[in-house]
Amino acid sequence: MSSARTIAIQENVDRPGRSVDWPTVGDRQLFPSEIFGLDVFDRKTMAATLPKPVFQRFSKQVQGRQQLDRPTADAIAHAARIWAMNKGATHFTHWFQPQTGSTAEKHDSFLTLKSQIVAGQEETFAIDAFSGGQLLQAEPDASSFPNGGIRSTFEARGYTIWDTVSPMFIRKGPHGTSTLYIPSVFIGYNGEALDEKSVLLRSSEIISDATVKLLNTLGDHETKRVTTTLGCEQEFFLIDRAIYNLRPDLKIAGRTLIGNPPPKHQQLEDHYFGQIPSRVLAAIAEAEYECARVGVPIKTRHNEVAPSQFEVAPIFEEASIAVDHNLVTMEVLHQVAHRHQLKVLFHEKPFAGINGSGKHANWSIQTDSGDNLLEPTSSPETNYRFLLVLVAILDAVYKHSGLIRSSIASASNEHRLGANEAPPAIVSAFLGAHLSEVLDAIEESRPVAYAAPTAKSSNGISLDLNISTLPPIARDLTDRNRTSPFAFTGNKFEFRAVGSKQSPSFPVVLLNAAVAKSLDLVNDALIAAKGDKAVPSEEDIIGVVRQFIIASKKIRFEGNGYSDEWVVEAEARGLPNIKSCPAAFKQLLTPSSEELLVSQGVLSKSELHARYHIQLEKYAKDLLIEAETLHGLIINGVLPASFTYRKELADSIISQEKVGVEAVPEKRILVALTKTSIELQDATTVLKATIAKVNSLHGDEQGIAAGNELTHSMETVRKFSDAIEAEVADKYWPFPKYTELLF
Ligand code: ADP
Ligand code: MG
């Protein structure tokens, strides 16, 4: 084995464990609930640290979604600084989400110099200060963030503005550094959205307004606002750092570009829900601890299907906060893993042939009094509010399935969509047998046929296990269907096709926008049906529900989404099956998408086009980076390994022949290896030419060529490289193999 590999493996084996320093009171460790939010300048802390009238003004302005006035902002900034400095913070930063998929921050110190005349002489004093102006707004140099051509260089200004709904928090950095984080939106000089968050906030307001209108029509005048709720299950791999460091492909592209799957990986499914390895458990526990301090409510942790694959999931929250918290979770995992000499991989498909990672976005709508509008209750057939919201969602997903597909398209997620562990590129909705029966019954104007429940609980049906020592358990109204990209799971929809690496923001934006539009249509239909009546009658409502059930029926699919038959059936139903990323991005620009997004004010026309260009360009760049990386691996690592081994074989053959032995086995290997090496060399030459070609193209042409030609060239190179990996003596192989990476 190459010496670097041996050393890395030894380092991995010898690693001492690292424990988490939980704070204590007396001799007991703090409870999770006591740690939760310690570093958040939340409403409770604000109430305690702000003068009462200031806090009241703040609350009013936030609820009314108004801008903060300057005196209020000054008072909040002052209180926040004192609070943060007492916790060791020296800096503050506007923390925002440019369209790069990650977050951005620029730290400023509280340190300020002030001049004052003292005894006739000007003296300079150092003070700590933080003004309302600095809290509300900052102006980072925006010219280096993706903008899709929305800003010309002469108006390159961008502003970050505090999102008052998302509280400030302190992140402890390395070596005792602490910074006050101000969650912010990022907009251009003329107010154009340059980020993920401002668009999400817009879409949240639109769906809130549409839902409130519908509820009004139903006679509910209490509900003033609804929020979309989101809980993101985050999957990832954790591997040893030393071994990771020997894989330039993982370091640069986030995934392995070459390598054969090990003989045993996930076939036995013995990793899923197994005991979490101790080093990993320590790292995840430390990440949970840090998340808890900044108010991120991680609830669940477990092993995933693939070796070295894990998942954490939070308690759901309002969507924009849940997005912030998902991004914090990823950052915290990244940093904490480092301390444990581990590397976290968020790529959707780090290892070919082995399950990839997703981010299941659980989504629902909740009223300001806390009612989940997707709670079916035990008799959904008479839960009209639920039915109306449900059919609006089905209508939205049916009409905009192509657009929704586009929100999860990326070079990395492409490896996962349609492969055997991820929902396919065809968007459909799964409801489960019970709800499907309810909708079918309404459609056919007949009573609902229940699967004879033994007893009813308030929530679902209880199962009789015939084991007298076990209590009766409640069964959810829906079963699970892992093959559906958009599945109803009890009291929420689970958008399962979202990529593990991406921000969950834009998928939620498109969902919100599409559902808002359909809620409006449902509302219009109800108003037409009720005529002069104050509220619609049961028949009016059922009539509208039936109309939408029929219109959106094609989007409902209860079968196996991975099967070939579904591809055929979906085509017959006219559902789009958008396989490539460039084609998916194009969905943003269709007349129906433009009508949906622009008319509702979610995105302006120029923002929409900018997004398209940003995504397409990122896609091509991602593939070019992978291709260059692969080229380097082959030229600098794989071919030299083959040459060294070939020389050893050749030397051995010569020395054997000198003593009159015919070196048949060596010759066979040498001939085979020579042939594969030539094939690899040729394929690598083609790869280089393809890179040059794709580099010379622009826009759509570049994206399409990258998607077709570059990926094809890379696959060919990989095929021959993997063949050589199997042929070359292990001691000459320069890169850690899958077995070393994963076990
Ligand atoms: P499952 O394992 O069936 O997907 P879980 O209860 O583990 O269900 O939930 C998974 C995720 O869904 C969690 O992050 C959870 O907080 C979130 N979730 C649950 N209810 C809702 C809801 N009403 N809205 C949004 N997310 C939700
Ligand atoms: Mg789930």
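In this predicted model, the strand that gives the largest share of the shell around ligand 1 is S12, with 4 residues; helices (H or I, at least four residues) and strands (E, at least two) are DSSP runs, numbered from the N terminus. Residues are numbered from 1 along each chain as its sequence is written, while chains are lettered from A and ligands numbered from 1 in the order in which they are written. Local features need a pLDDT of at least 70 and side-chain atom pairs count only at pLDDT 80 or more, whereas totals for chains, interfaces and linings use all residues.

Strand S12 (226-240), strand S14 (309-314) and strand S17 (359-367) each supply at least two residues of that shell. Altogether 17 residues surround ligand 1, and the closest are Thr229, Gly231, Phe316, Asn362 and Ser364; a residue is taken as near a molecule or strand if its C-beta atom, placed from the backbone, lies within 6 Å of it. Sorted by class, the shell holds 6 nonpolar, 8 polar and 3 charged residues, where Ala, Val, Leu, Ile, Met, Phe, Trp, Tyr, Cys and Pro count as nonpolar, Asp, Glu, Lys and Arg as charged, and the others, Gly among them, as polar.

Ser308 lies in the loop between strand S13 (298-303) and S14, and its phi is near 65°, a positive value in a residue other than glycine. Ser308 is buried because 23 other C-beta atoms lie within 10 Å; the term buried requires 20 or more other C-beta atoms within 10 Å of a residue's own, exposed means 12 or fewer, and partly exposed is in between, with C-beta atoms placed from the backbone. Thr377, in the loop between S17 and helix H12 (384-399), has a phi near 60° and is likewise not a glycine, but Thr377 counts as partly exposed, with 15 other C-beta atoms within 10 Å.

Phe493 is in strand S23 (residues 493-495) and counts as buried because it has 25 C-beta neighbours inside 10 Å.

Helix H15 (residues 505-530) has 26 residues and spans 37 Å from its first C-alpha to its last, close to the 38 Å expected at 1.5 Å a residue, the expected span being 1.5 Å times one less than the number of residues. Gly531, which follows H15, has a positive phi near 60°.

On the scale of the whole chain, an automatic or database domain assignment gives domain 1 (35-194), domain 2 (203-256 + 271-460 + 481-603) and domain 3 (618-742). The C-alpha centres of domain 1 and domain 3 lie 51 Å apart.

How far should the coordinates be trusted? The chain averages a pLDDT of 92, with 93% of the residues at 70 or above, pLDDT being the predictor's confidence in each residue, from 0 to 100. Over residues 452-460, however, the pLDDT is below 50, although this stretch has 17 contacts in the model beyond near neighbours in sequence. Where pLDDT is low, the predicted coordinates should not be read in detail.

Conventions:
Contact = placed C-beta atoms within 7 Å.
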